[in-house]
Amino acid sequence: MLKNTEEFREPTVSTQPIFEGKIISLQVDTVRLPDGNTATREIVRHPGAAAVLALLDDKMLVVEQYRKPMEKFQVEIPAGKLDAGEDPMVAAARELEEETGYRAGKLRPLSAFYTSPGFADEKLYVYIAEELTLGESRPDEDEYLNVSAITFEEAQQYIREERISDAKTVLAVYAWHIYRLTGEI
């Protein structure tokens, strides 16, 4: 059983805004530690995101795009940031169609997690898309994507090669594996 950790809470003493961008902001908070001393915490604020595990004929829909922070191409499940006040499920449906051209007849929650809670508040919601029908893709004006459907074996190989190396897509591949074994997610 977990102990009561409320005594380890870090109340904010002050906040210093550092940067305000289109997607993220950065602030430095001074916090009070349990022993009475203070410390600083660098915090990235992010509106959250939604992603989709979309299966089509036992293949997973993915997009491949260049990721500047990593300086390499990545194969990922469709995803994007939430607009202010947007329902994550609505964002997931939007991103699936914008990036791949497919619409989901049904979306179910798969998981939600914080991407890097040591310094960021981004929460990512992952859904599974079912009953897919082809529509028309409409990527963002600064988004250049290759869309494909990959087999489970290809997904495993891409993980080994680090072509898939982001948490949301790795989680999706493992969820797909469970689904293939049990018929349930």
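Modeller: Helices (H or I, at least four residues) and strands (E, at least two) are DSSP runs, numbered from the N terminus.

Biologist: With those terms, how many helices and strands does the protein have?

Modeller: The protein has 3 helices and 10 strands. Along the sequence, their pattern reads β-β-β-β-β-β-β-α-β-β-β-α-α. This is a predicted model, in which local features need pLDDT of at least 70 and side-chain atom pairs count only at pLDDT 80 or more, while totals for chains, interfaces and linings use all residues. Residues are numbered from 1 along each chain as its sequence is written, and side-chain values use heavy atoms, with hydrogens and water left out.

Biologist: What box do the C-alpha atoms fill?

Modeller: Taken along the principal axes, the box is roughly 60 × 45 × 35 Å. Of the 185 residues in the protein, 36% are buried, where buried means under 20% relative accessible area, exposed over 50%, and partly exposed in between (1.4 Å probe, protein chains only).

Biologist: Which strands form the open sheet of 3 strands?

Modeller: Its order is β1-β2-β3, with antiparallel pairing; two strands pair if DSSP finds at least two bridges between them. β1 and β3 (38-45) are the edge strands, each pairing on one side only. Neighbouring strands of this sheet are turned by 20° against each other on average, direction ignored. For that angle, axes are lines fitted to C-alpha atoms, for helices over the stretch in contact, and angles run from 0 to 180 degrees between N-to-C directions.

Biologist: How many bridges join β1 to β2?

Modeller: There are 7 bridges between strand β1 (residues 12-20) and strand β2 (residues 25-32), which run antiparallel. A hairpin of 4 residues connects β1 to β2. Across the pair, T12 stands opposite V31 in β2, and Q16 stands opposite V28 in β2.

Biologist: Changing topic, where does E122 lie?

Modeller: E122 is in the loop between β8 (102-114) and β9 (123-134).

Biologist: Which side chain makes a polar contact with E122?

Modeller: The side chain of T115 does, at 3.0 Å. A polar contact is a pair of N or O atoms within 3.5 Å; within protein, one must be able to donate a hydrogen and the other to accept it, and residues adjacent in sequence count only if both atoms are side-chain atoms.
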